[in-house]
Amino acid sequence: MSFDQNLRKFSSAQLLNFCIGFFGLQFAWQMRIILSGPLTESLGASPLLYGLIWLAGPVTGIVVQPIIGALSDNTFTRFGRRIPYLFFGAVFGAIGLILLPKSGFLSNLFGPNHPEFLALLIAAVFIWVIDACVNAAQGPYRALIPDNIQKNQHGIANSYLSFAIGLGSVIAAGTAPFLKWAFNYQMSVDAQFTMAGIAFILAMVWTCITFKENTPNKEELMEKKLEAKKTASKSFIENVKEFLNASPEVGKICLMQFFSWIGLMSLLIFFTQYVVHILYSVPNTADLAPNVARVFENTQIEAQNFASICLAFFNLICFIIAIPIAKMAQIQGNKRVHAISLLTMAAAYLLIAFMPNKVTVFAAMGLAGIGWASTLSLPFAMLSKYIKEGTEGSAMGIFNIFISAPQVLVCTLLAWFIDVATYNMAGGFTNNHWDYAFMFGAIMLVIASFIALSTKEE
């Protein structure tokens with residue numbers, strides 16, 4: 001029996017309201033992306049150690065999202081199937097965001113003779129908590145679309161989520177630079193993380209209160225519960241095999257996501273460090289004595305603000321183009337529009353790698369935003385045709401593996417390569433080739449674009 005006939009058609013206003021919680025989720029994650037590098041570096045993290053800490057995202061994505069997705073498929077409460085996971089993910093994620101910048105203070109509570117690495121360990125734990133909570137909320141949120149929205153609106157609904165991601169990221173990245181520019185007030189790292197925690201919880205609570213999940217009648221409820229029991233009785237491997245065997249095109253879409261996200265994370269993980277160390281020529285502060293590191297403190301703050309402005313522009317383009325790109329895909333086809341978007345992003349990466357000046361980097365980040373908007377919506381629209389009813393949460397969790405697994409490669413192998421790729425600066429200081437991340441990322445995006453073109457589409 002098909003439940004799509006019972007789903008209501010969403011107006012533009014309802015779709016905007018639907019994506020408010022995702023706005024808060026992305027606001028929180030964007031702040032974690034921008035500031036976790038400088039924060040952990042100030043606590044003594046090398047490029048490789050920073051990459052290993054970043055493993056929090058992909059590992060929790062691989063482990064948490066499939067589990068939470070499957071659990072939410074089997075959850076039937078008076079509050080809904082997915083809503084409880086959104087709420088508790090936001091609550092604990094907000095706590096982690098607020099406490100993360102206080103890692104140094106918390107380590108001092110263990111006494112004056114505490115180990116030097118303790119603050120970094122505490123920071124790593126909070127980063128893992130934040131990423132686990134973001135993943136716990138993200139999968140069920142995506143599953144709300146096939147649960148509650150008609151199939152012919154899946155593409156546009158995912159584009160509204162891209163719209164929310166772009167807007168949330170723009171405001172998160174742009175707030176501190178705007179306050180500095182408009183009022184000459186430099187917002188502290190602590191205040192920015194607190195702002196992110198508050199935005200996460202408030203936006204998600206709004207969605208939990210205002211969004212009403214589709215409630216099946218008694219007959220449908222019994223059928224869904226029976227299907228959920230069948231799904232729950234299968235092993236994880238069986239669910240993955242069933243997911244991949246739905247169509248040969250599912251495997252291609254997953255492979256496309258795999259290479260796309262290697263390319264994307266090459267930017268998201270390393271961009272702030274690239275700006276600080278390559279564009280602004282700040283040496284490895286972890287290798288410097290505290291009094292020498294203070295010489296570069298103002299330059300580093302200026303560099304972090306510029307990185308935030310670039311990331312705000314990157315997400316502003318995503319915000320502007322998210323809905324038009326979905327409209328274009330309806331006319332030209334998802335795969336063609338997505339392939340062109342990925343190639344545009346690859347070209348932007350090469351500009352960043354080989355033309356390191358502020359104007360070029362800023363413009364290139366705008367170009368890269370086109371690929372970002374496409375990746376956040378069109379692959380999900382391509383996949384939604386193959387999701388079996390009643391397994392939406394599990395399917396999104398499994399699909400997330402092909403987003404999370406490539407990040408492991410970026411956090412380990414690419415981070416290691418950057419860590420060993422050092423060079424000497426003027427004055428006897430050392431630095432790392434953070435620009436290598438963009439050369440590597442461009443290659444991955446080109447591969448993903450060709451895989452996208454190879455998929456068959458109705």
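Student: For the second largest cavity, how many nonpolar, polar and charged residues are in the lining by class?

Tutor: The lining has 4 nonpolar, 3 polar and 1 charged residues, where Ala, Val, Leu, Ile, Met, Phe, Trp, Tyr, Cys and Pro count as nonpolar, Asp, Glu, Lys and Arg as charged, and the others, Gly among them, as polar. This is a predicted model, in which local features need pLDDT of at least 70 and side-chain atom pairs count only at pLDDT 80 or more, while totals for chains, interfaces and linings use all residues. Residues are numbered from 1 along each chain as its sequence is written, and side-chain values use heavy atoms, with hydrogens and water left out.

Student: What counts as a cavity here, and how many turn up?

Tutor: A cavity is a set of points, on a 1 Å grid over the protein atoms alone, where a 1.4 Å probe fits but cannot get out, and its lining residues have an atom within 4 Å of a point. The search of the whole structure finds 2 cavities of 30 Å³ or more, a volume being the space filled by probe spheres set on grid points that are joined across faces, edges and corners.

Student: How much space is in the largest one, and which residues lie nearest its centre?

Tutor: The largest cavity holds about 330 Å³, and of the 23 residues that line it, Gln65, Gln138, Trp261, Asn400 and Ile403 lie nearest the centre.

Student: And which element gives the most to the second largest cavity?

Tutor: That is α7, with 3 residues; helices here are DSSP runs (H or I, at least four residues), numbered from the N terminus.

Student: Switching to charges, what does Arg32 pair with?

Tutor: Arg32 forms a salt bridge with Asp131, the closest N and O atoms being 2.8 Å apart, where a salt bridge is a side-chain nitrogen of Lys or Arg within 4 Å of a carboxyl oxygen of Asp or Glu. Since Arg32 lies in helix α2 and Asp131 in helix α7, the pair ties together parts that are 99 residues apart in sequence. Arg32 is buried at a relative accessible area of 0%, and Asp131 counts as buried at 1%.

Student: Which residues are linked in a network of salt bridges?

Tutor: Arg81, Arg82 and Asp147 are linked in this way, and within that group the closest N and O atoms of Arg82 and Asp147 are 2.6 Å apart.

Definitions and conventions: 1 Å grid on protein atoms, 1.4 Å probe; cavity = no way out; pocket = protein on both sides within 12 Å on 5 of 7 lines; lining within 4 Å. Helix = DSSP H or I, 4+ residues; strand = E, 2+ residues; numbered from the N terminus. Buried < 20%, exposed > 50% of the residue type's maximum accessible area, 1.4 Å probe, protein only.
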